[in-house]
Amino acid sequence: MTDMITNQARLADGATAVLERPGARLVYEVAGDGPAVVLIHGFGLDMRMWDPQAGPLAARFRVVRYDCRGFGASGPLDPAVPYSHAGDLVALLDHLDIGGAVLAGLSFGGRVALQAALAAPDRVRGLALLDAVLDGVPWDPESARALDEVARRVQAGGVLAGREAWLAHPLFAAARERPDLAAALASMVAGYPGQHWLGQDPHRQARQPIDMLEGIAGPALVAVGQRDVPGFREMSAVLARRIPGAAYHVVADAGHMVNMEQPAAINDLLTSFVQEASWTR
């Protein structure tokens, strides 16, 4: 096998392990038993953003969460080794002997979930897309300017300056109103290596998901925070319109970090969706 694991034993609930991949390592955690659900984090963040969901979901399901290549505890990636996040996710499913799982991703994690569903549809029992990135739908002008400011700050002051600018982005405006969420976000972003900002990400580009949405089969849930930025509200609306049979929910009093800002609502949505999706395929 080209993939090796540092600990081959089944993990105790809540323990982390490392899957070695060419050019990177993936730190992951497994908890609970039952149908599998994989939680995929947002950009610059890590698996800790799913703390409000991990326990409640693990009471009914086998919950897998991990730090994507180049993020969080998975640490820096080798910029000389091409890869895809979808390939990493499928390798993790293989390693854990999971034939099929519901994929739940927020923002960047939603993009990864979409890419995996298109690359390996037989491994995906359902898609839960929370405030998901959909390339091809423009960002709203304010958010686009803030992205440009992140790039400018990285160029002028390096990754530390970029992290500060990223935390100031309008995507996190609603979460910043709560000191506990602002602190949690700052802790996660502090561990982001920043290689994507430095042009050190050899991710292999496949076809854009927006060109293939009508071909997605199986259950799909699209949820978006009522207070998210306009560009992401439009991305979610497009996903809901174009994925056949997708359920669509606007979550009240939530911004982009919908799972952290309104955990009870998201836990209810995910529990119902995972249960239904796991038994309908």
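In this structure, P52, Q53, P56 and L57 of helix α1 meet P263, I266, N267, L270 and T271 of helix α9, where contact means heavy atoms within 4.5 Å. By class, this contact of α1 with α9 has six nonpolar, three polar and no charged residues. The model is a predicted one, in which local features need pLDDT of at least 70 and side-chain atom pairs count only at pLDDT 80 or more, while totals for chains, interfaces and linings use all residues. Residues are numbered from 1 along each chain as its sequence is written, and side-chain values use heavy atoms, with hydrogens and water left out.

**Packing of α1 and α9**

- Helix α1 spans residues 51-58 and helix α9 spans residues 263-279, and the two pack at an angle of about 40° with their axes 10 Å apart; helices here are DSSP runs of H or I with at least four residues, strands are runs of E with at least two, and both are numbered from the N terminus.
- That angle makes α1 oblique to α9, given that angles under 35 degrees count as roughly parallel, over 145 as roughly antiparallel, 65 to 115 as roughly perpendicular and the rest as oblique.
- The crossing in which α1 passes α9 is right-handed.

**Salt bridges around D88**

- The structure holds 13 salt bridges, each defined as a side-chain nitrogen of Lys or Arg within 4 Å of a carboxyl oxygen of Asp or Glu.
- One of them pairs D88 with R21, with the closest N and O atoms 3.0 Å apart, and this pair links distant parts of the chain, since D88 lies in helix α2 (residues 85-95) and R21 in strand β2 (residues 16-21), 67 residues apart.
- D88 also forms a salt bridge with R69, the closest N and O atoms being 2.8 Å apart; here R69 lies in the loop between β5 (62-66) and α2, 19 residues from D88 in helix α2.
- D88 counts as buried because its relative accessibility is 1%, and R21 counts as buried at 18%, where buried means under 20% relative accessible area, exposed over 50% and partly exposed in between (1.4 Å probe, protein chains only).
- R69 is likewise buried, as is D88.

**The R153 and E164 pair**

- R153 forms a salt bridge with E164, and the closest N and O atoms of this pair are 3.2 Å apart.
- R153 is partly exposed, with a relative accessible area of 22%, whereas E164 counts as exposed at 53% relative accessibility.
- Elsewhere, salt bridges that share partners join R21, R69 and D88 into one network.

Terms used
Axes are lines fitted to C-alpha atoms, for helices over the stretch in contact, and angles run from 0 to 180 degrees between N-to-C directions. A crossing is left-handed if the near helix is turned anticlockwise from the far one by less than a right angle, and right-handed if clockwise. Ala, Val, Leu, Ile, Met, Phe, Trp, Tyr, Cys and Pro count as nonpolar, Asp, Glu, Lys and Arg as charged, and the others, Gly among them, as polar.
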